[in-house]
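Please read the points with the sequence and structure in view.

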Amino acid sequence: MMALLNINNLKIYAIVIAIIGAVWYYKDAEKAKADLKVQESNSEMIRKYDSLKFASVTYDKKELDEYLEYQRKDLKQFLNENKISSRKIEQIITQKLEYLDQVDRSTDLQPILDAIKRKTNIRVPVIDSTKCLVIKGFVVFENDTLTLDITDRKFKNRSDVVSYWERNQWSFLGIKTRLFGRKKATVIIKDDCGNTETFVIDKRK
């Protein structure tokens with residue numbers, strides 16, 4: 001009788017262990033599947049970064065540490081100096097703005113030339129302005145010395161990051177169309193000045 005009970009107990013234990021193992025395997029497989037999906041999404045976003053000028057990726061702590069170590073040593077040093085551990089980070093948003101002004105502008109300096117000929121001191125204000133950049137200063141002739149004194153520099157820009165969806169292009173009988181194409185999320189950035197690149201890193205738990 002005792003032997004029978006022991007056998008039944010062993011069967012119960014075996015069934016419980018098998019159930020626990022199946023649940024663990026299922027959850028582990030689901031996590032691996034979710035991680036693979038995130039990695040694929042990250043790879044696609046980074047691949048499109050040059051054209052979209054926008055990327056949003058999700059890293060776990062190890063991936064974030066590798067990113068800081070090999071791609072953003074400057075940011076890593078900044079975090080270290082401020083005693084901010086990567087385990088405390090929830091999100092990093094990096095924006096880089098490039099602005100190049102190549103519009104030709106000129107200022108009439110004839111009054112300065114006339115003052116030099118007369119050896120008279122003169123101070124002429126100079127303003128160089130565009131929609132994005134304003135530079136103010138003075139051209140000064142004083143004590144036989146000609147100088148350009150810049151007193152004010154102002155740069156302004158507004159960036160709008162718009163997330164939206166569109167349909168993938170596909171071919172039907174050799175005709176390219178987006179009708180009934182698979183929806184995909186994408187981003188477009190509007191800048192008043194220059195070109196902004198935006199890189200968002202979300203921390204995966």
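1. Contact here means heavy atoms within 4.5 Å. Among contacts in the protein chain between residues at least 6 apart in sequence, 53% join residues at least 24 apart. The model is a predicted one, in which local features need pLDDT of at least 70 and side-chain atom pairs count only at pLDDT 80 or more, while totals for chains, interfaces and linings use all residues. Residues are numbered from 1 along each chain as its sequence is written, and side-chain values use heavy atoms, with hydrogens and water left out.

2. The protein chain contains 4 helices and 10 strands; these are DSSP runs numbered from the N terminus, helices being H or I of at least four residues and strands E of at least two. Along the sequence, their pattern is α-β-α-α-β-α-β-β-β-β-β-β-β-β. Of the 205 residues in the protein chain, 20% are buried. Buried means under 20% relative accessible area, exposed means over 50%, and partly exposed lies in between (1.4 Å probe, protein chains only).

3. An open sheet is formed by 3 strands in the order S3-S4-S5, with antiparallel pairing. Its edge strands, S3 (122–129) and S5 (145–155), each pair on one side only. From one strand to the next, the twist averages 15°. Two strands are taken to pair if DSSP finds at least two bridges between them.

4. Strand S4 (residues 133–142) pairs with S3 over 8 bridges, and Ile127 stands opposite Lys136 in S4. The antiparallel pairing of S4 with S5 extends over 10 bridges, where Val139 has Leu148 in S5 as its bridge partner. S4 and S5 form a hairpin with 2 residues between them, and Asn143 in the turn has a positive phi of about 55°.

5. Helix H4 (residues 110–118) lies across S3, S4 and S5 and runs at about 160° to S3. For such angles, axes are lines fitted to C-alpha atoms, for helices over the stretch in contact, and the values run from 0 to 180 degrees between N-to-C directions.

6. The second largest pocket holds about 190 Å³ of space. It has 11 lining residues, and the closest to its centre are Tyr49, Tyr67, Gln71, Arg72 and Phe199. On a 1 Å grid over the protein atoms alone, a pocket is an open set of points where a 1.4 Å probe fits, with protein on both sides within 12 Å along at least five of seven lines; lining residues have an atom within 4 Å of a point. Grid points are joined across faces, edges and corners, and a volume is the space filled by probe spheres set on the points.

7. Which elements each supply at least two residues of the lining of the second largest pocket? They are helix H1 (2–52), strand S2 (91–98) and strand S10 (195–203). The largest share, 3 residues, comes from S2.

8. Strand S10 includes Ile201, which is buried with a relative accessible area of 3%. Its C-alpha atom is separated by 5.0 Å from that of Val57, 144 residues apart along the chain. Not counting residues up to four places away in sequence, Ile201 touches Val57, Tyr59, Leu64, Tyr67, Glu90, Gln91 and Ile92.

9. Glu197 also lies in strand S10. Is Glu197 buried or exposed? Glu197 is buried, with a relative accessible area of 16%. Leaving aside neighbours within four places in sequence, Glu197 is in contact with Tyr49, Lys53, Thr94, Gln95 and Lys96.
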